[in-house]
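Visitor: I would like to learn how to read the features of a helical model. Please take me through them one at a time.

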Amino acid sequence: MKRAERYIRWVVLLARLGVGLSFLVLIAAVLIQVVGRLAGSSPVWTEELTRYALLYLVAFGAGLSFRTGDLVNVDVICESLPGRLPWLLRLVAAVVTAGLALYLLPAAWKYVSIGRMQTSPALEIKMTYAHFTVFLLLALLAVFAVLRILGMLSGTEDGTPERREET
């Protein structure tokens, strides 16, 4: 099971790095935009880059949010049920999440491929890079849902969201 835990740590680390890098780009673009406006004219491309950074921030963060329970976690009724019913409902929710994300992946890839024919107006990059965020979001959501399923079935976790102490 050490190999699985190491794999999970790597996936979480890569997603966190993606969130951090996206946030860094977002901060830099907004800072350039604000300084430019104070100087009289901000570069046009900063607004577009801000949107793309925000899209990547959401794409990388969705799976992490699923893991920590910050995405959507309605457990008021679920956790008050007796016996193993809460565990079973968490398993069903993870299976449905993974199934839906995997089902939507081919359509998301088709959407990404449409971007090859389009170019962004300000940055003049292929829209594939912006459209890829939809595919990335679904792929990472599926990965984190499958990891929860495997953890629950192997007994290494109970499916409750990973909570950290708030400081």
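Predicted model: local features only at pLDDT ≥ 70, side-chain atom pairs only at ≥ 80, totals over all residues.

Visitor: How many helices and strands does the protein chain have?

Guide: There are four helices and zero strands. In sequence order the pattern is α-α-α-α. The C-alpha trace spans about 65 × 40 × 35 Å along its principal axes.

Visitor: What share of the 167 residues is buried?

Guide: Buried residues make up 35% of the 167 residues in the protein chain. For contacts with a separation of 6 or more, 71% come from residues 24 or more positions apart.

Visitor: Which span does H2 reach, and what is expected at 1.5 Å a residue?

Guide: A helix can be checked by setting its end-to-end span beside the expected one. H2, with 24 residues, reaches 34 Å from its first C-alpha to its last, close to the 34 Å expected at 1.5 Å a residue. H3 has 30 residues and reaches 44 Å, close to the expected 44 Å.

Visitor: Where are the bends in these helices?

Guide: H2 has a kink of about 35°, centred on Gly-61. H3 bends by about 40° at Leu-105, and Pro-106 follows within four residues. After the end of H2 comes Gly-69, with a positive phi near 85°.

Visitor: Which residues of H3 are buried, and what do they pack against?

Guide: The buried residues are Pro-86, Trp-87, Arg-90, Leu-91, Ala-94, Ala-98, Ala-101, Leu-105, Ala-108 and Val-112. They pack against H2 and H4.

Visitor: Which residues is Thr-133 in contact with, apart from its neighbours within four places in sequence?

Guide: Thr-133 lies in helix H4 and is buried, with a relative accessible area of 5%. With those neighbours left aside, its contacts are Leu-55, Tyr-56 and Ala-59.

Visitor: Which aromatic pair is edge-to-face?

Guide: Trp-109 and Phe-135 form that pair, at 5.0 Å centre to centre with 65° between the planes. The pair links distant parts of the chain, 26 residues apart: Trp-109 is in helix H3 (residues 85-114) and Phe-135 in helix H4 (residues 128-154). Trp-109 is partly exposed at 46%, and Phe-135 is also partly exposed, at 21%. Ring pairs link Trp-109, Phe-132 and Phe-135 into a cluster.

Visitor: Which ring does the charged end of Arg-84 sit over?

Guide: The charged end of Arg-84 sits over the ring of Trp-87, 4.2 Å from its centre. In another case, Arg-148 lies over the face of Phe-66, at 4.3 Å from the ring centre.

Visitor: How many salt bridges does the structure hold?

Guide: Side chains of opposite charge can pair when their charged atoms come close. The structure holds one salt bridge. Arg-51 forms it with Glu-47, the closest N and O atoms being 3.0 Å apart. Arg-51 and Glu-47 are four residues apart in helix H2, so about one helical turn separates them. Arg-51 is partly exposed, with a relative accessible area of 48%, and Glu-47 is partly exposed at 41%.

How values were computed: Residues numbered from 1 in each chain as written. Heavy atoms only, no water. Phe/Tyr/Trp six-rings, centres within 6.5 Å; stacked < 30°, edge-to-face > 60°. Helix = DSSP H or I, 4+ residues; strand = E, 2+ residues; numbered from the N terminus. Buried < 20%, exposed > 50% of the residue type's maximum accessible area, 1.4 Å probe, protein only. Lys NZ or Arg CZ within 6 Å of the ring centre and 35° of its normal. Expected span 1.5 Å × (residues − 1). Bend = angle between axes of the 7 residues up to and from the residue. Contact = heavy atoms within 4.5 Å. Salt bridge = Lys/Arg side-chain N within 4 Å of Asp/Glu carboxyl O.
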